[in-house]
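Please open the model in your viewer and keep the sequence panel beside it. The stops below are meant to be selected one after another.

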Amino acid sequence: MSDSTLTYSQPGAEEWQHTLSEFQQRATQWLHGLEHHPVATLNATLPQSPLAAQGAGSEITIKKVHSELVPQMSASRGPRYWGFVTGGATPVATYADWLVALLDQNVSKDGDSIASMVERQAIQWLVELFNLPASFTGLCTTGATASNFLAAVTARQFAGTQQGIDVAKQGMAGLDIEIFSACPHASMIKTLGLAGFGQNNITQVKTSKDSEAMSPQDLAIKLKQSTAKSKIVISSAATVTGTSFDDLQQISALCLQHRAWLHVDAAFGIFARLLPDMEQNTAGIEQADSITLDGHKWLNVPYDCGMFLTRHQSLLKDSCHVAAPYLVQSGSEPDFMSLGMENSRRFRALPVWMTLHAYGKSGIRSWVEKNCRQAQLLAQFIAASTQWKLVYPCNLNVVLFRPLDDEVDCDSVLRHINARGKVFFSPGKWQGQAIIRAAFSNWQTEDSDVAIAIKELQTMAADL
Ligand SMILES: Cc1ncc(COP(=O)(O)O)c(C=O)c1O
């Protein structure tokens, strides 16, 4: 077909009416079917096809998506997807995310809508939710990786101020920095590379015995030995595998003594602050210079949502602001485009705001409390099993296990379980050995889901 014969009709009111009502119907179907949808599609296929010059139209496209793509999606928003650390969007968070698309705001600057105010309030509410000092401010990011990146560049700017270099303007030449960490998340290592430090440039601090937590004693020795003009300490609360919490009281005191920047990656561990018996795990985080949080984990908002908090907004702004005549500052508060990586920004704060407003501290606490208890249920079954081995005690929401027989290939067992479609786990390593990780962070998970998983493990055990 030559280009001159191609047609296109501008979407009008009828298309809106059709797409919106289709959406309501299809969404309801998907939610009703979720219980029986396989938790994962391990062999997804998408036939190769060239771009069509002539669009198929919305009706055909919607039908194609629902017949060919949607069936191959994972049930990651569902109650038995326990890989990584994954939340599932609640009704209010899902509504909020649709609204984000409907409203299509660009939360880069104040001055044309209320959106930036909503984001500031969402951040303030999170600071209150986690009982952090009001001196913390921040912004929503695309996830914890992006927040860790902002931590790296803000710490870099801090080091620059210690050494008389404006890193954002002049670059890193001549900057003398040493970075200390014990068990940083892979995303933190990635961002150290992105920020120009180099992924390998980490002084390895020992972990405390039988844990992934940083040894404060070893940190004290290494900080004392360091001759670097500036120091950055990267802590975890908690680590993604062993859910170990660094002792932030001791570590923050050391950072103060050595004028070191303290960043805490608390992507999901911060939620332990909501439980009275676990609140102590993060004591000392109030002294951090920056904190990473994740929304699409235990806050159960849709993907594409993390948060970065810092007590040094001016350093963050110095790192991210660039002057441009058409982007002048719009109010007394720094615009979000001057505090983060993107200039144009999705209104990802709305699902956070609506979640906090709708479910409150009590709702979010109940998810965390329930998930931790459910992790214990699974851990207890595994600990008592004659076919499975609990490789580390469960002390938050993650269960680490493997087949009891060391000869059995853990990765192929994991693939087999996931392929059965009832429950999804992800792989990990514990002291060099392959393991299976089950992470509980979904608001919908019920004890009956744990019972289904236990049945799956019993069935699998019979085949081992
Ligand atoms: C402690 C920690 N930090 C960072 C990340 C990266 O998060 P994201 O995938 O949202 O970028 C994760 C993800 O599991 C995590 O557990």
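In which loop does Lys-297 lie? Select Lys-297 and you will find it in the loop between β6 (290-294) and β7 (306-310), where strands are DSSP runs of E of at least two residues, numbered from the N terminus, as are helices (H or I, at least four residues). What you have open is a predicted model, in which local features need pLDDT of at least 70 and side-chain atom pairs count only at pLDDT 80 or more, while totals for chains, interfaces and linings use all residues. Residues are numbered from 1 along each chain as its sequence is written, and side-chain values use heavy atoms, with hydrogens and water left out.

Stay on Lys-297, which an unreviewed UniProt entry annotates as "modified residue: N6-(pyridoxal phosphate)lysine"; such annotations may be inferred rather than shown by experiment. Lys-297 counts as buried because its relative accessibility is 16%, the cut-off for buried being under 20%, with exposed over 50% and partly exposed in between (1.4 Å probe, protein chains only).

Next, show the surroundings of Lys-297: leaving aside residues up to four places away in sequence, it touches Val-85, Gly-87, Ala-267, Phe-268 and Ser-441, a contact meaning heavy atoms within 4.5 Å.

Then move to β8 (residues 388-392) and β9 (residues 398-403), which pair in the antiparallel sense over four bridges; pairing requires that DSSP finds at least two bridges between two strands. A hairpin of five residues joins β8 to β9, and Tyr-392 stands opposite Leu-400 in β9.

Finally, colour domain 1 (12-75) and domain 2 (94-356) separately, their bounds coming from an automatic or database domain assignment; their C-alpha centres lie 36 Å apart.
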